[in-house]
Amino acid sequence: MKAISTRGKSPKVDMSECILEGLAPDGGLYVPTEWSNSLKNCQAKSFKEYAYEAIAPYFSGDPLEKELGGFIERAFNFVLPICFFEKNHALLELFHGPTSAFKDFGARFLAEVLSQIGKTHGELTILVATSGDTGGAVASAFFDKPGINVAILYPKGKVSPLQEQQLTCWGNNIKSFRINGTFDDCKSLVKEAFNNNEIKKKYNLTSANSINLGRLLPQMAYQGFSAKLFKGSAGVDPNIVIPSGNLGNAFGAFWAKKMGAPIDKIILASNANKTIPEFFREGKYEARASIQTLANAMDVGAPSNMERVLYLHSDFSELKKISSSVSINDDEIREEIKTFHRDHQIPVCPHTAVGLLAAKNLLGDKPYLVCATAHASKFREVVEPEIGSELFLPPKLASLMEMKSEVLDMEASLEVLLNHL
Ligand SMILES: *Cc1c(COP(=O)(O)O)cnc(C)c1O
C-alpha cells in the first residue's frame, strides 16, 4: 500500500518514504491510498500483536516491511491500561511512556522507522520546533539513536521549568536551542530551513511534528485496541472522547473506526480554543489565533490534522453523525480536576479534565472512554491546589530532572542555527 497527498498533486510514495518526507511536496498531508479493514473482528490479544495487525497493511510492499515487528517490539515497551471508574465509563491511560504523555507512542515509533532509514540514507537531522510536550517526547525517543541528530528549538521563557528540563537534559545527538522569540518564531525558522532545498539536502533534514503520518499510525492502533478492550469488559462499543489540539490523536480514532474498530462516536474535546467546536456548529472551517489556557498542549487555533479529517469525511452531515465537539474553559477545568478527584480519588491533568467534562456534558450515562493524555504530575502547579495534596513524578520522569541540562541561547536566525548543526 502507498501514501498520497490530501491535495492530490504529489506522486504516490511508500510508507517509509512518506515518513521520511513528512509533508507532501504539494503542501498537503500524506494519507494512505486505501483504508485497510484489518481491525474488523481483529482477535489480537496484546497491544503489540494488535498494533502489528493494524499497521502492517500500510507497510505491505514497503522496503521496511520486514522490520515492522521489531519497530513495534522496541517502541511500545510500556503499559497501556484502561481504568474503569464507573460501570460504563473509563480512562485510557496513555501516559506510561518515558515522558508521561501520549506523544511517546508516536515519537518512539517514528524514531524506530527513521533510524532504520538513517542506516541506508546517511545521517539524518531532525529539526523540531516545540512549545512543550512534543520536543520532550522526540528528544527522549531519538536519544542515542545512531545515524540521527536532533535539533530542538523552543521559545525562551515560554515553557514550564519541567518541560525545559525535558528538552535540555540529553546531550550526545540531541541539541537544544533556546530562541529569543515566540513559538511562532521557532516554527518560522524551521519552515525557512525546510523551504530551502539546498539546506534541506545538505543536512538531510526531516521533521518529527504531528503532520508526520508515522506518528499517527500508533495512535490509530491504540484507539482501536482500547475500544476492543472496552467492548470486551463493558459489552458495548465505547464513545471515544479525545482532548484535542492539532487533532493527531483524534485522527487516530477516525482512522481506527474506518478500519472497523468497535468505536461508536468520536467526541473532540477542546479548551477555550474554539476552532473545532465552531466548525461543528457552523459547518465551516475557520482557523483563528490561539489563546493560552491551562490545557496548554491544546492551545491550537489552526489544527494541523483538520485537513486529514476533512479528507476522510468530506460530507459534513455524515461527519456530524459520528462525531461532535465541545469547548471547556479554564474555570471548568479547575472544577473538574477537583470534582473528579473528590468522587474517584484519581488526579487528572488539565487536558484529561477537558475530556472528562466534555464526556459528562455530551454523553451522560452513555458508555465512554476518555483519553488521559498526560500524567497529572506534569501539571502539578495546576492540579495540586485543586486536589489539596502533593503529586509525585513517575520515576522515569523524576530521573530526567536529576540530569545536567545544556542549551544554546540564540536569536531567531537561520545562519546561526546552521552554524551549530
Ligand atoms: C499534544 C497533546 C494534546 C493534543 O493532542 P493533538 O493530537 O494535538 O490533538 C492533548 N493533551 C496532551 C497532554 C498533549 O501533549
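First, the ground rules. This is a predicted model, where local features need pLDDT of at least 70, side-chain atom pairs count only at pLDDT 80 or more, and totals for chains, interfaces and linings use all residues. Residues are numbered from 1 along each chain as its sequence is written, and side-chain values use heavy atoms, with hydrogens and water left out.

Now the ligand. Which residues come nearest to the ligand? They are Lys103, Asp133, Gly245, Asn246 and Leu247, out of 15 residues around the ligand. Being near means that a heavy atom of the residue lies within 4 Å of the molecule. The shell holds six nonpolar, seven polar and two charged residues. Here Ala, Val, Leu, Ile, Met, Phe, Trp, Tyr, Cys and Pro count as nonpolar, Asp, Glu, Lys and Arg as charged, and the others, Gly among them, as polar.

Next, polar contacts, meaning pairs of N or O atoms within 3.5 Å. Lys103 places a polar side-chain atom 2.5 Å from a ligand oxygen. Asn246 uses a polar backbone atom, 2.8 Å from an oxygen atom of the ligand. Gly248 also has a polar backbone atom, 3.0 Å from a ligand oxygen. How much of the ligand does the protein bury? Alone, the ligand exposes 380 Å², and the protein buries 97% of that. Those areas come from the Shrake-Rupley method with a 1.4 Å probe.

On to the helices. Helices are DSSP runs (H or I, at least four residues), numbered from the N terminus. Two packed helices are described by the angle between their axes and the distance between the axes. Axes are lines fitted to C-alpha atoms over the stretch in contact, and angles run from 0 to 180 degrees between N-to-C directions.

Take helix 4 (residues 103–121) and helix 5 (residues 133–142). Their axes come within 8 Å and cross at roughly 40°. So helix 4 is oblique to helix 5.

Helix 9 (residues 213–234) and helix 10 (residues 248–258) have axes that come within 7 Å and cross at roughly 60°. That makes helix 9 oblique to helix 10.

Last pair: helix 4 and helix 9 pack at about 130°, axes 7 Å apart. They are therefore oblique to each other.

Notes: Polar contact = N/O pair within 3.5 Å; in protein donor to acceptor, adjacent residues only side chain to side chain. Helix = DSSP H or I, 4+ residues; strand = E, 2+ residues; numbered from the N terminus. Parallel < 35°, antiparallel > 145°, perpendicular 65-115°, else oblique.
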